[in-house]
Amino acid sequence: MNKNNSTKKLALTGGAAAAEALKQIEPEVMPIYPITPQTPIIETYAKFQADGEVDTEMIKVESEHSAMSAAIGASSAGARVVTATSSQGLALMHEVLYIASGTRLPILMIISARALGAPINIHGDHSDVMGCRDSGWLQIFCENAQEVYDKTIIGMKLAEKVNLPVMVIMDGFNTSHSVENLEVLETAMVKDFVGERTAITPLLDTKNPVSYGPVALQNSYFEFKIDQEQATNDAAAEYQKIAQAYQEISGRRYGFFETYHTKDAERIMVLTGSATGTAKVVVDKLRAKGEKVGLVKIELFRPFLHQELSAILKNAQEIIVLDRAQSIGTTPPFYTEIVNSLYQIGEIKKIKSFVYGLGGRDIFQAQIEDVFMGKFKDKYIK
Amino acid sequence: MEHGAVIKHDETKGPKTGAWRYMHPEVDKEKCIGCATCVPFCPEASIEMKENKADIDYDYCKGCGVCAEVCPVKAIMMKKK
Amino acid sequence: MNKELAKHFFSGHSACAGCAFPAIVRAVLGEASCEVVVANATGCLEVTSSLYPYTAWKTPWIHNAFENAAATISGVERAYEIMKRKKRLPGGDKKIKFVAFGGDGGTYDIGLQSLSGALERGHNFLYVLYDNEGYMNTGNQRSSATPYGAATETTPSGRASFGKTELRKNLMDIVAAHHIPYLAQANVAYLADLKKKAQKALAVEGPSFLTVFSPCTNNWKFPTSQYVAIAKLATETNFWPLYEIENGKYKITSEPKNVKPLTDFLKTQGRFKHLFSEKNKPVLERMQQITNEEFARLVSLTEK
């Protein structure tokens with residue numbers, strides 16, 4: 001805990017925690033469109049606006065596609081831009097997600113991750129964010145309300161530092177609507193940390209006119225995409241630097257992956273989001289019985305740091321991957337990444353794949369325990 | 001390599017579309033009455049009034065023939081070049 | 001090269017020889033009394049003016065996607081408002097007018113929702129629609145702006161078809177229903193009228209809209225020299241009336257002294273060639289009837 005600055009203890013839902021961080025960051029333009037379970041974020045922020053606590057242009061657009069389109073316009077103009085969405089809304093943004101990242105526009109988007117139809121379901125899972133994992137957006141996962149607050153601040157600074165759009169993702173309802181204790185920093189501290197955005201070639205600088213979004217054909221398109229991928233990969237180091245700087249002002253350490261009892265673990269579970277808390281409790285119980293188990297929580301999912309992950313997992317005898325999304329027609333997303341990570345260091349390990357929590361289905365300690373102990377035969381923890 | 005393909009206007013990088021021409025507009029300076037009707041209709045903004053006479057910039061003129069068509073006194077003739 | 005005329009939109013773009021929209025862009029932007037920032041929907045104007053590494057745009061310009069020019073300019077306009085308020089305007093304080101350009105595909109069809117949202121929210125911007133009555137950048141497919149009876153690649157004339165069977169969508173009425181302060185229908189052949197309307201539209205503190213007739217030499221199939229002559233005929237036959245709607249009041253701004261028969265306009269274009277056959281005579285009559293009915297309806301609206 002950092003002694004020399006005053007912090008406040010609050011009990012907030014994940015959504016409210018995001019809004020709290022956004023109030024301190026105070027974006028200039030925030031295009032918004034309602035969708036459960038994200039809506040409390042924009043409602044809470046709209047109240048801050050109504051009470052004069054923030055000065056933000058909230059554009060109440062007529063669709064999520066227009067929310068991201070307006071965000072692209074505002075970010076190209078040079079402003080600090082934030083939006084938020086879930087599920088079908090994120091899917092509707094799909095076309096313009098790629099345009100935001102391809103145009104290297106810093107936009108922070110908070111996601112309350114929710115199942116994708118059909119059938120329609122308003123509850124939490126990761127299918128929506130997995131659906132745009134190749135869109136060129138940086139993706140940061142949160143376990144709880146405290147992480148949502150912290151990573152919203154980290155995500156804003158990261159986006160504007162590397163000029164790439166960033167998604168900060170919490171589990172819909174599990175995190176977004178569950179009240180938890182958290183600590184918030186002093187506003188002046190947050191404002192100093194994120195600073196102000198100074199765009200490189202802002203559209204509003206009419207003395208230095210630029211064109212955003214030209215046509216690039218066979219002779220140049222390829223190079224632009226290589227350049228974009230390079231920037232995305234380079235963003236990992238910047239994320240780590242910002243996370244370290246954030247630890248100095250908050251006392252809370254974030255990184256690419258959080259390890260929990262992995263040093264001597266024979267069996268390591270890999271997952272992310274709100275279920276990680278439950279899994280930690282199970283690890284503690286099994287450790288008490290002498291079982292050598294541990295877990296790894298994925299924090300930075302895009303870019304994905306294969307070497308760093310395989311370094312953590314390489315000594316384990318068995319790796320258990322819990323995906324909260326399918327990749328219909330092939331193996332689930334996290335599992336596919338982790339097989340790739342280990343393959344890269346020639347480690348052919350026993351890797352098991354499980355899918356849990358689709359459409360808000362709860363996962364219980366007993367199930368996680370059975371999975372650790374190899375007693376769970378089905379690949380669906382339902 | 002401009003990051004995000006954000007580019008600046010640079011005339012030197014622009015194609016001289018005059019190369020498109022196969023029909024060539026010529027202004028008969030005597031006939032031209034300096035009304036400048038042709039000027040705003042030229043899709044390439046290639047016509048200027050010089051000493052009150054229409055003057056065509058052949059770097060960019062694509063030879064479409066609009067100027068010849070709109071000229072009220074038929075002072076512009078399209079020629080094969 | 002006419003530097004003054006081309007000060008926003010330079011030469012070197014690759015629009016077809018004899019294309020109409022460069023004159024529209026320059027006529028409208030030429031009336032701006034302050035800096036302009038332009039958003040441009042995907043379409044002919046956009047792809048022919050921004051082929052990397054060259055951009056013909058000398059004014060700030062953004063292309064985002066096909067259906068979101070209005071949503072994009074909304075974001076730019078709001079960014080301007082708050083950055084001005086907070087003294088953070090890049091390049092210092094100045095007045096900027098925001099202008100979006102779109103073709104009929106990007107405006108009547110795929111971009112209609114984004115346009116409606118931006119109009120309803122009252123953003124301070126001018127939307128300019130260059131109407132070439134079809135998806136011309138993709139090679140002349142039918143849009144809801146394509147006139148009844150016109151042949152396109154997706155409504156070809158044939159033994160069992162006379163071309164497009166639906167009436168043209170009345171976008172002006174849809175935009176008028178948003179009760180914006182000013183909108184007008186103009187024609188590239190009537191530059192003075194177009195400029196006057198552009199001036200009024202640019203002066204609006206809020207949303208304004210221009211529909212501008214923009215003949216397409218390549219896909220309407222007429223010689224490259226003819227866009228002005230053909231555009232003029234469109235208004236002289238009442239096929240394309242010139243009017244404005246100011247605070248809800250309809251007003252015809254220019255009317256032909258003696259109205260020519262529609263066929264004078266239709267016969268100049270390959271897209272209507274198939275109508276001049278015995279079999280399609282009724283279609284021609286229907287088209288004249290539609291033109292008369294629509295013009296009469298417009299006149300009645302001006303008398304309200």
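Modeller: This is a predicted model. Setting aside neighbours within four places in sequence, A:Leu97 is in contact with A:Met68, A:Leu90, A:Met109, A:Cys132, A:Ser135, A:Trp137 and A:Met167.

Biologist: Is A:Leu97 buried or exposed?

Modeller: A:Leu97 counts as buried because its relative accessibility is 0%, where the cut-off for buried is under 20%.

Biologist: And where does A:Leu97 sit?

Modeller: A:Leu97 lies in helix α5 of chain A, a helix that spans residues 94–102 and whose buried residues are A:Val96, A:Leu97, A:Ala100 and A:Ser101. Those four are on the same side of α5(A), because they cover an arc of only 140° around the axis.

Biologist: What covers the buried residues of α5(A)?

Modeller: The cover includes α3 (64–77), α4 (87–92), β5 (108–113), β7 (166–171) and α9 (221–250), which belong to chain A.

Biologist: Which residue follows the helix, with a positive phi?

Modeller: That is A:Arg104, whose phi is near 60°.

Biologist: Changing topic, how much area do chain B and chain C bury between them?

Modeller: They bury about 2600 Å², with 62% of it on carbon and sulfur atoms, and 29 residues of chain B are in contact with 34 residues of chain C.

Biologist: How many salt bridges and polar contacts are there across that interface?

Modeller: The rule finds zero salt bridges between chain B and chain C, but 15 residue pairs in polar contact, both residues being at pLDDT 80 or more. On the side of chain B that touches chain C, the residues divide into 14 nonpolar, five polar and ten charged.

Key: Residues numbered from 1 in each chain as written. Chains lettered and ligands numbered in written order. Predicted model: local features only at pLDDT ≥ 70, side-chain atom pairs only at ≥ 80, totals over all residues. Heavy atoms only, no water. Buried < 20%, exposed > 50% of the residue type's maximum accessible area, 1.4 Å probe, protein only. Helix = DSSP H or I, 4+ residues; strand = E, 2+ residues; numbered from the N terminus. Arc of directions from axis to C-beta. Contact = heavy atoms within 4.5 Å. Buried area = accessible area lost by both parts, 1.4 Å probe. Salt bridge = Lys/Arg side-chain N within 4 Å of Asp/Glu carboxyl O. Polar contact = N/O pair within 3.5 Å; in protein donor to acceptor, adjacent residues only side chain to side chain. Nonpolar A, V, L, I, M, F, W, Y, C, P; charged D, E, K, R; others polar.
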